Amino acid sequence: MQAKRTRMKKNLLSREFTPQLFLSMREGYTRKKFLADLMSGVIVAIVALPLTLAFGIATGITPGQALITAVIGGFIISFLGGSRVLIGGPTGSFIVIVYGIVLAHGMTGLLIATIMAGVILLLLGIFRLGKIIKFIPYPIIVGFSSGIAVSILYTQIPNIFGLSFGGETLPGDFWGRMSKYIRYFGTVQWSDFAVCAASVAITVLATRVMRRVPGALMAILLVTAVVYFLKAHTGFAGMETIGDRFDMSSVLPAMGLPSIDMAGIGALLPAAITIAMLGSIEALLCATVSDGAVGGRKHNSNTLLASIGIANIIAPLFGGVTSTGAIARTMTNVNNGGRSPVAGIVCAAVLMLILLFLMPLARYIPLACLAGILVVVAYNMSEWRSFRELMRGQRSDAAVLLVTFSLTVLFDLTVAVQVGLLLAVVLFVRRINQISSISVAIDKLDLSDEDGADCGEQILALPSGVEVYEIDGPFFFGMANKFDESMRGIGRRRTLVRIINLRKVPFIDSTGSQNLMSLCRTSQSEGISIVLSGVKPAVRAALERSPLPALIGERNICHDIKTAVRRAEEVLDSKNATERA
């Protein structure tokens, strides 16, 4: 029997970490399904191209590196991933953090931080921690998204207005950048602004009119053609293009490991944690949204995180950067009929062909055009409607939202993630405390909601000298202080026995155990006995790992409240007999 259970456990574990691509093949992959995935993958690649190029420009890496990221990261996430329709690659949410890392640590630092983040994500998947990420409060997620959107906008101001800084390097912080913008705003090129505005208009209008044709691609094709014509036939100059700033090579980079030292790892660890957190949040949100769109099977969070981790480990070896689930591309895949990871693999293959054969043509794309596309991206990810609703809601949620948003915009996304996680813990403890309570009974006890109580015995009279404390909720470190306060608030009569009713306690942590032990020692020093009631198996197992059972005695750990009251009466009789003797 034990061997059978072991085999079943291994089979479940094997299936849990089986990529969705392999499960799709086992279920029968027909020609009809392949044609649907093929068409969807081609369309998604066309949608991904302008967004990927814009990502490369905005982050300070090259457009070629961004395409390599989309190819390698997208392929691995589809081939090994835990979602059938999710499309992976570089996304706008990473623009600010990638730009900051490049500015502070250079390209080598970015590659190392990405590999470290990949290891973190892989471990999250292996240790089945995928679902924990979903417990990050919604105000923090909206604060991140809105803050990143604003950050994308202000980092694109130079390309939007064609500003020149005389060869000076732009600082990475908000205040330094804004002061530099104000100082050099006299160099504005209104032609760049016009191109940016035209790109925004074309992107928005084309998306509404031609739903199957990406608006961003239409903007690139039309604006680039017009600017090229003006430069070739009218002597128009001054419009900076991708080719003016980057070498547009179609050669694939050789595989290589960046030089790593322990000091560098320590300095890059906060950035790696930020990449891992943002990557996991965005991927799981993307997968959840796509599950709702296609219905049927749900994604596997742990397999998905593991595949993203592997993608972020391998892509930097070829010069790529961070990848995660891309919600715009994923929804494009869903809307165009993609229903298996084959669509994501086709998308990666098409982007590879573009990288090899069409990359030199990208040198003619104006930077102001890509800035316009990023303006639309920033608007779409701004979550301004959710931001407005949260601001009208509870004050605590609004405060958390504003703190996360402000830290993301004004300081650093790494700091925002760290503070955001701390806020998540504080909110969790606060809300658990709000739903947890402690009630005290001295003269009589209401048994109406007690399991197994007889209809004729709803009220149980308590012997003189007995108090009953009932804890409702988890007994953890946040509850311990509330328990102490309740204990100090009672003192109306001489107490001989305290019954702690734990029937509504689902679990107890080490702080709760220590709190109970402290109560027992203090009570015993005052001549008061402790009896535990309604101890659940999980709580009993936790208590048995502590000295508590030996301290109060096994007979004083009772199954239900009636047994505990009878045991209290026995203790009272024993105490009275001792006093008489």
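User: Which helix holds Leu284?

Analyst: Leu284 lies in helix H12 (residues 262-294); helices here are DSSP runs of H or I with at least four residues, numbered from the N terminus. The model is predicted, with local features needing pLDDT of at least 70 and side-chain atom pairs counting only at pLDDT 80 or more, while totals for chains, interfaces and linings use all residues. Residues are numbered from 1 along each chain as its sequence is written, and side-chain values use heavy atoms, leaving out hydrogens and water.

User: Why does Leu284 count as buried?

Analyst: Buried means under 20% relative accessible area, exposed over 50% and partly exposed in between, with a 1.4 Å probe and protein chains only. Leu284 has 3% relative accessibility, so Leu284 counts as buried.

User: Why are H3 and H5 called oblique to each other?

Analyst: Helix H3 (residues 31-59) and helix H5 (residues 95-126) pack at about 40°, their axes 8 Å apart. Axes are lines fitted to C-alpha atoms, for helices over the stretch in contact, and angles run from 0 to 180 degrees between N-to-C directions. Under 35 degrees is roughly parallel, over 145 roughly antiparallel, 65 to 115 roughly perpendicular and the rest oblique. H3 and H5 are therefore oblique.

User: What makes the contact between H3 and H5?

Analyst: H3 supplies Phe55, Ala58 and Thr59, and H5 supplies Ile95, Val98, Tyr99 and Val102, where contact means heavy atoms within 4.5 Å.

User: Which residues of H18 are buried?

Analyst: Among them are Ser396, Asp397, Val400 and Leu407. The cover over the buried residues of H18 includes helices H6 (138-155) and H19 (413-435).

How values were computed: Helix = DSSP H or I, 4+ residues; strand = E, 2+ residues; numbered from the N terminus.
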